[in-house]
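Please open the model in your viewer and keep the selection tool at hand. The tour below moves from one selection to the next and says what is found at each stop.

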Protein chains: 2
Amino acid sequence: MKQARATKVAEPHQAALEEAAFLAAYRPGDFARPSVTVDVVAFTMIDALLRVLLVRRAQPPFKGYWALPGGFVRVGDGQREQGESLEAAVSRELEEETGLRPSDVYLEQLGAFGAPYRDPRMRVISVAFYALVRPDLVARVRGGGDANAAEWVEPSAKLRLAFDHATILAAARERLRERVRSTSIAASLLPPAFTIPEIRHVYSTLIGERQDPGNFRRRFLGMIDEGIVERAPGKRITMSKPAAVYRFCGRRS
Amino acid sequence: MKQARATKVAEPHQAALEEAAFLAAYRPGDFARPSVTVDVVAFTMIDALLRVLLVRRAQPPFKGYWALPGGFVRVGDGQREQGESLEAAVSRELEEETGLRPSDVYLEQLGAFGAPYRDPRMRVISVAFYALVRPDLVARVRGGGDANAAEWVEPSAKLRLAFDHATILAAARERLRERVRSTSIAASLLPPAFTIPEIRHVYSTLIGERQDPGNFRRRFLGMIDEGIVERAPGKRITMSKPAAVYRFCGRRS
DNA sequence: TCAAAAGTGTTTCTCGTACACCCATGT
DNA sequence: ACATGGGTGTACGAGAAACACTTTTGA
């Protein structure tokens, strides 16, 4: 330890040279490696209901079951090329399934799920993300036309999910509940312009309990003072009684 | 899709047989796989200061730098043997470094850190955990005697950490702050018996701001009503004025 | 004219915060 | 006796919750 420190102080170059030499001579050992995938739990609101993006498995492990979209992380083959980041991998998968640009969705890592035997074929460690998709952008998802296409499904305990995807979905649902309470994440589940009743409905859906119209309104209006949200130009939408329209600051489209 | 459903309903056996046949015939493809490691950010309190368990690297990648304890996840070599879980891997690493039994520490997953080039040798995806170690159990950590031994170090921005371990440490620190506010996680950083000033000090250290003695006391006493904590048998400890001793319910040792 | 949902106001209660003060001990 | 820090009391303000009430539409 003393020696290491002395080396660094007295001859900084030598340490760097030693590192470079080590790397040049490095040959990877023969440790068994797991497959690593990314899975995405993508949520959106359709018809005032929370939906998850799922795929029907057409191939044998859990054939016919629903599964989360996902795929292998592309890793390079050595020091020179190490491949894509986890975020890049999940963005790529999401774009393949939905056509959505990464900049259009809120994306956050849930964690790693790596229990042995979660995939009967081989050891697979999956890094799960959850995504929030604005309902005005879901159009690009291909309909149930061809097989293997993703669909927006209502999450339900009765869904038969492949692998440990039920666990991952539950974790995503729980994380969502936490985040809704502490951040203004609900923005990612709303169209650019929305009314107070609409955002209230998103909150109550995510949290799972009724929100008092009056109290919710007061809290929401507080967000205007904080500059998080602003009144959208005079227009209104009708339902029973016309409601004022708002939007999150910075959004125009 | 229709066919899959029909198969399941009409001939449940056949689906199972098909799955089994697929598995028996399955041969893993030739996707490049990353190395997967677990790293642990272990915290404890020593001399009223927060400490992290770190190891001095003796070998070239970042030789002489501090690093988080960690190691490869042992994965099996196929369907039959898929190796250990992530939790088992990190528990094993922690026990190797500290001698602590998994049941003695609080352990929670932080997330996966998998940016390319975070390890110059090869693509490594690391699943990080953080651990809380009760200060009355830290004795088992080997002293700074032999090289390669872990040490309890005060976390500081000046520490030179290997790889992206500074990022992981920061994430752990942040997560800890969140959890302290919302759960009674501080229990895992306290000896079996403690005084109110002691637990108050843990809170203020973790949160990073002074806690009002009177207000903290009131909140703490609320935890007694909730059955989280209880008065320890009459004994007291002296410092300036003797303080009452408490313990978390269910702990005896 | 009635039901339904937007929007407003009011009251109450709880909690966090700030801060003044008393009490027991070591030096 | 006095400084230190444990332990107690109190007063204020912000925010949550409950709920009654007015307004504006469609049917």
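Among contacts in chain A between residues at least 6 apart in sequence, what percentage join residues at least 24 apart? The share is 62%, where two residues are in contact if their C-beta atoms, placed from the backbone, lie within 7 Å.

Before you select anything, note that this is a predicted model, in which local features need pLDDT of at least 70 and side-chain atom pairs count only at pLDDT 80 or more, while totals for chains, interfaces and linings use all residues. Residues are numbered from 1 along each chain as its sequence is written, and chains are lettered from A and ligands numbered from 1 in the order in which they are written.

**Stop 1: chain A as a whole**

Select chain A, which has six helices and 10 strands; helices (H or I, at least four residues) and strands (E, at least two) are DSSP runs, numbered from the N terminus. Of the 253 residues in chain A, 29% are buried. A residue is called buried if 20 or more other C-beta atoms lie within 10 Å of its own, exposed if 12 or fewer, and partly exposed in between, with C-beta atoms placed from the backbone.

**Stop 2: the two chains together**

Now show chain B beside chain A. Chain B is superposed on chain A by a rotation of 180° with 0.0 Å of shift along its axis, and the RMSD is 0.1 Å, which is the relation of a two-fold axis. The superposition is by least squares on the C-alpha atoms of residues with pLDDT of at least 70 in both copies. To find the axis, select Gly111(B), whose C-alpha, at 2.2 Å, comes closest to the rotation axis of the residues of chain B.

Next, colour the side of chain B that touches chain A, where 48 residues of chain B are in contact with 48 residues of chain A. In chain B, α1 (2-10), α2 (12-25), β1 (35-46), β5 (105-113) and β6 (124-133) each supply at least two residues of this side, and α2(B) gives the largest share, five residues. By class, this side of chain B has 26 nonpolar, 11 polar and 11 charged residues; here Ala, Val, Leu, Ile, Met, Phe, Trp, Tyr, Cys and Pro count as nonpolar, Asp, Glu, Lys and Arg as charged, and the others, Gly among them, as polar.

**Stop 3**

Is Val133(B) buried or exposed? Val133(B) is buried, because 26 other C-beta atoms lie within 10 Å. Not counting residues up to four places away in sequence, Val133(B) touches Ala42(B), Phe43(B), Thr44(B), Leu100(B), Val105(B) and Val138(B).

Then move to Asp47(B), which lies in the loop between β1 and β2 (49-56) of chain B. Asp47(B) is exposed, with 8 other C-beta atoms within 10 Å, and its phi is near 55°, a positive value in a residue other than glycine. Most residues other than glycine have a negative phi.

**Stop 4: two helices of chain A**

Return to chain A and select α5(A) and α6(A), whose axes come within 10 Å and cross at roughly 105°, which makes α5(A) roughly perpendicular to α6(A). Axes are lines fitted to C-alpha atoms, for helices over the stretch in contact, and angles run from 0 to 180 degrees between N-to-C directions, with 65 to 115 degrees counting as roughly perpendicular. The contact is made by Ile196(A), Ile199(A) and Arg200(A) of α5(A) and by Pro213(A), Phe216(A), Arg217(A) and Phe220(A) of α6(A).

**Stop 5: the DNA strands**

Finally, show DNA strand C. Which residues come nearest among the 18 around DNA strand C? They are Pro197(A), Gly214(A), Ser240(A), Gly214(B) and Asn215(B); a residue is near a strand if its C-beta atom, placed from the backbone, lies within 6 Å of it. Two or more residues of this surface come from each of α5 (196-207), α6 and β10 (243-248) of chain A and α6 of chain B.

Around DNA strand D there are 18 residues, of which Gly214(A), Lys241(A), Pro197(B), Gly214(B) and Ala243(B) come nearest. The surface near DNA strand D divides into six nonpolar, seven polar and five charged residues.

Definitions and conventions:
Angles under 35 degrees count as roughly parallel, over 145 as roughly antiparallel, 65 to 115 as roughly perpendicular and the rest as oblique.
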